[in-house]
Amino acid sequence: ITAAFPFPGKWILRIYAKSKEESMGSWVVDIGYISSTDSNLKFPVQYANYQENGFFLYSPLGVNLSVGEKTDIKIMLPGYKTVFIDTGSNRISLERDGDIFSSSLTIPNTSKLSMFGSTSASARSYEGIMAFSVLK
């Protein structure tokens, strides 16, 4: 297991496992870490509904987002119908395949990418899911 931490401190890595037949995993073990340095990685900010709703970010993981670089975004959002990235000047819709939403994009000249979504296909308001810092 490789782990990176956003700042020094005490951390617990909680590991879950599930069989193919199960829809949700079961808690298996907690592993404690003491980190004396940060990883220099910019971690996405997860909003409250992220953990409450069982969301799962597949990518990007373990990388900093930089202006002009291409990246793949892939996230599992059970029950969601529409998801987009707000760049501050426009919206980039993510493609839906069941509960999985994804997009390949070139990081625009911005300091933050925010992800919003809705459980309604014809929504007029959206919930914040997470935000990514962008390095210039």
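A: First the cut-offs: a residue is buried under 20% relative accessible area, exposed over 50%, and partly exposed in between. Bear in mind that this is a predicted model.

Q: So is Phe-7 buried, exposed or partly exposed?
A: Phe-7 has a relative accessible area of 48%, so it is partly exposed.

Q: Where is the place of Phe-7 in the chain?
A: Phe-7 is in the segment before strand S1, which covers 9-17.

Q: What percentage of the residues count as buried?
A: Of the 136 residues, 26% count as buried. The accessible surface comes to about 8900 Å², and carbon and sulfur atoms hold 50% of that.

Q: Which share of the contacts joins residues at least 24 apart?
A: That share is 54%, taken among contacts between residues at least 6 apart in sequence.

Q: Charges next. How far apart are the mean positions of the positive and negative ones?
A: They are 4 Å apart, for 13 positive and 12 negative charges.

Q: Switching to rings: how many aromatic pairs does the structure hold?
A: It holds four aromatic pairs. In one of them, Phe-55 and Tyr-80, the ring centres are 5.2 Å apart and the planes stand at 90°, so the pair is edge-to-face.

Q: Where do Phe-55 and Tyr-80 sit in the chain?
A: Phe-55 is in the loop between helix H1 (48-52) and strand S4 (56-59), and Tyr-80 is in the loop between strand S6 (70-76) and strand S7 (82-86). The pair links distant parts of the chain, 25 residues apart.

Q: Why does Phe-55 count as buried?
A: Because its relative accessibility is 7%, and the cut-off for buried is under 20%. Tyr-80 is buried too, with a relative accessible area of 2%.

Q: What about the rings of Phe-84 and Tyr-126?
A: Their centres are 5.0 Å apart and their planes at 85°, so this pair is edge-to-face. Phe-84 lies in strand S7, while Tyr-126 lies in the loop between S11 and strand S12 (127-135), 42 residues apart.

Q: Is Phe-84 buried or exposed?
A: Phe-84 counts as buried, at 6% relative accessibility.

Q: Which residues form the aromatic cluster with Phe-84?
A: Phe-116 and Tyr-126 form one aromatic cluster with Phe-84.

Q: Last one, Ser-118. Which strand does Ser-118 lie in?
A: Ser-118 lies in strand S11, residues 112-118. Its relative accessibility is 9%, so Ser-118 counts as buried.

Q: Which residues does Ser-118 touch?
A: Leaving aside residues up to four places away in sequence, Ser-118 touches Tyr-80, Lys-81, Thr-82, Ala-123, Ser-125 and Tyr-126.

Q: And what does the side chain of Ser-118 reach?
A: The side chain of Ser-118 reaches the backbone nitrogen of Ser-120, at 3.0 Å.

Conventions: Residues are numbered from 1 along each chain as its sequence is written. This is a predicted model: local features need pLDDT of at least 70, side-chain atom pairs count only at pLDDT 80 or more; totals for chains, interfaces and linings use all residues. Side-chain values use heavy atoms; hydrogens and water are left out. Helices (H or I, at least four residues) and strands (E, at least two) are DSSP runs, numbered from the N terminus. Buried means under 20% relative accessible area, exposed over 50%, partly exposed in between (1.4 Å probe, protein chains only). A polar contact is a pair of N or O atoms within 3.5 Å; within protein, one must be able to donate a hydrogen and the other to accept it, and residues adjacent in sequence count only if both atoms are side-chain atoms. Contact means heavy atoms within 4.5 Å. Accessible areas come from the Shrake-Rupley method with a 1.4 Å probe; for residues, only the protein chains shown count as cover. Lys and Arg count as positive and Asp and Glu as negative; His and the chain ends are not counted. The place of a charge is taken as NZ of Lys, CZ of Arg, CG of Asp or CD of Glu. Rings of Phe, Tyr and Trp (its six-membered ring) pair if their centres lie within 6.5 Å; planes under 30 degrees apart count as stacked, over 60 as edge-to-face and the rest as tilted.
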